[in-house]
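Dear colleague,

Please find below the structure for your records. My notes on helix packing and salt bridges follow it.

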Amino acid sequence: MARVDVLMPQMGESIAEGTLSKWLKKLGDEVKRDEPLFEISTDKVDAEIPAPNAGVLVEIKVQEGQTVPVQTLVAVIETDKAAATAAPAAAASPAAPPAAAVTAPPVAAAQRAPAAPGGAVPAAAPAPVPRSSSPVPPKGDGAETAEERLRRKSTPLVRKIAAEHQVDISTIPGSGFAGRVTKQDILGFIERGVPAPTAPVSRLPSPVPSGPVEHPVVEPWPGDRVEPFSKIRKITADHMIMSRRTSAHVTSFFEIDYSRVAELRRKHRAAYTERGVNLTYLAFIAKVCAENLRKHAVVNAAVSGDNIIYRGDVNIGIAVALDWGLIVPVVKRADELSLGGLARAINDLGERARTKKLLPDEIQRGTFTITNPGVFGSYAGAPIINQPQVAILGVGTIEKRPKVVTLPDGTDTIAIRTMGMVSMSYDHRVVDGADADRFLADVKRALEDFPEGAI
């Protein structure tokens with residue numbers, strides 16, 4: 001009799017819990033290794049979780065709609081079919097953390113990731129170790145906010161390091177989401193030789209203002225339909241309010257002549273299609289943004305307390321509208337990719353976002369975001385910054401419009417040009433208007449004079 005415990009996986013360093021949204025198998029069903037077992041929804045991503053082993057599902061510990069911490073026992077798989085047949089069907093029971101277990105792989109499409117050398121299977125996440133940090137007490141009303149919960153719950157790896165070095169995590173200023181202590185934070189703390197104080201010390205201000213997000217209550221009228229927020233809608237709503245509270249939002253608008261890009265797309269689109277790549281306007285925009293973010297470092301930054309973090313990587317998040325909400329997968333080191341590589345990455349991430357096949361790392365560590373409401377016909381907008389970033393670019397609809405152009409002889413005429421607006425909301429705490437406008441001016445210039453050699 002060989003039983004395998006299935007745990008709620010950790011879908012990213014800042015993820016403290018997950019909601020089991022749907023079981024894809026029933027009690028007593030046979031499952032294959034890597035076959036989708038259940039769906040989860042977290043603060044960052046919705047995903048199908050595959051079975052870590054083949055066998056029979058003999059116990060279900062977490063019911064649909066239940067939210068539990070990462071590393072919580074979710075289900076038990078019996079790998080011995082004979083034993084599974086003989087064993088009585090187990091009734092669902094309240095979730096409880098196991099002593100030791102195998103963590104389910106994070107996504108059903110794990111086979112999409114590059115295989116490890118020699119065909120090795122990636123190691124499971126480490127089992128949880130006792131936390132050495134003291135919980136952050138909730139507010140006086142007893143309600144703990146999402147930000148407080150994230151600050152209190154560190155990753156298993158961070159807790160393990162803290163336990164080994166007898167460090168109280170609550171005394172370390174965290175640079176992660178909601179002031180959460182990351183691996184880099186605790187290692188830096190230990191390397192500096194700072195002794196762990198016996199009493200809490202003042203820490204850097206959290207990048208997220210404390211206090212729960214309260215949404216006004218409105219009385220429904222007869223005939224109205226009332227639906228509770230979905231997990232992803234609730235997270236989006238809270239994070240949008242949090243971002244407005246955190247950053248001093250300012251938005252600049254630029255009009256761009258895309259006629260050069262339109263010409264290059266017409267010329268090379270068929271060749272890209274033959275290679276399975278959709279050469280979109282968004283790929284051109286992401287390409288010039290990636291190149292100019294390196295030049296304009298303050299736009300590719302983050303605020304941590306009274307410090308500015310200038311990011312070493314250029315990781316561009318691409319907002320994807322889903323039927324059930326919004327998600328922002330990230331193209332890592334976008335400035336190192338060719339136009340074709342960026343186009344392929346954007347197409348791939350968008351498709352897997354829509355089919356819930358994103359890997360955990362693919363929605364983490366963004367440094368700049370692009371959102372494209374123009375696909376729905378929007379002329380321009382003022383997007384909300386994706387924390388803890390300091391800027392987000394909005395792309396308006398791209399269409400043919402009349403424009404005054406100057407001919408080589410200096411005379412003006414009206415011509416039909418492919419035009420569109422871009423807008424950039426930025427955090428005026430660190431990005432001045434001149435910084436933002438210089439960045440946008442360079443983006444405009446690069447798009448209007450895009451070199452054919454870069455295709």
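**Helix packing**

Helix 7 passes helix 9 in a right-handed crossing, where right-handed means that the near helix is turned clockwise from the far one by less than a right angle, and left-handed that it is turned anticlockwise. Please note that this is a predicted model, in which local features need pLDDT of at least 70 and side-chain atom pairs count only at pLDDT 80 or more, while totals for chains, interfaces and linings use all residues. Residues are numbered from 1 along each chain as its sequence is written, and side-chain values use heavy atoms, with hydrogens and water left out.

The protein has nine helices and 20 strands; these are DSSP runs numbered from the N terminus, with helices being H or I of at least four residues and strands being E of at least two.

Two packed helices are described by the angle between their axes and the distance between the axes. For helix 7 and helix 9 (residues 433-448), the angle is about 135° and the axes are 9 Å apart. The axes are lines fitted to C-alpha atoms, for helices over the stretch in contact, and angles run from 0 to 180 degrees between N-to-C directions. Helix 7 is therefore oblique to helix 9, the class left over once angles under 35 degrees count as roughly parallel, over 145 as roughly antiparallel and 65 to 115 as roughly perpendicular.

On the helix 7 side, Phe284, Ile285, Val288, Cys289, Asn292, Leu293 and Lys295 meet Phe439, Asp442, Val443, Ala446 and Leu447 of helix 9, contact meaning heavy atoms within 4.5 Å. This contact of helix 7 with helix 9 comprises nine nonpolar, one polar and two charged residues. In that division, Ala, Val, Leu, Ile, Met, Phe, Trp, Tyr, Cys and Pro count as nonpolar, Asp, Glu, Lys and Arg as charged, and the others, Gly among them, as polar.

Helix 7 (residues 281-295) also packs with helix 8 (residues 339-354): their axes come within 9 Å and cross at roughly 120°. Helix 7 is therefore oblique to helix 8, and the crossing is right-handed. Leu282, Ala283, Phe284, Ala286 and Lys287 of helix 7 meet Leu339, Leu342, Ala343 and Ile346 of helix 8. By class, this contact of helix 7 with helix 8 has eight nonpolar, no polar and one charged residues.

**Salt bridges and burial**

The structure holds 24 salt bridges, each defined as a side-chain nitrogen of Lys or Arg within 4 Å of a carboxyl oxygen of Asp or Glu. One of them joins Glu39 to Lys356, with the closest N and O atoms 3.3 Å apart. This pair links distant parts of the chain, 317 residues apart: Glu39 is in strand 4 (residues 36-41) and Lys356 in the loop between helix 8 and strand 17 (368-371). Both Glu39 and Lys356 are buried, that is, under 20% relative accessible area, with exposed being over 50% and partly exposed in between (1.4 Å probe, protein chains only).

Within helix 6 (residues 259-274), Arg260 and Glu263 lie three residues apart, about one turn of the helix, and their side chains meet in a salt bridge (3.9 Å, N to O). Arg260 is partly exposed at 24% relative accessible area, and Glu263 is partly exposed at 40%.

Glu399 forms a salt bridge with Arg401, the closest N and O atoms being 3.0 Å apart. Here Glu399 is partly exposed at 37%, whereas Arg401 is buried at 11%.

Yours sincerely
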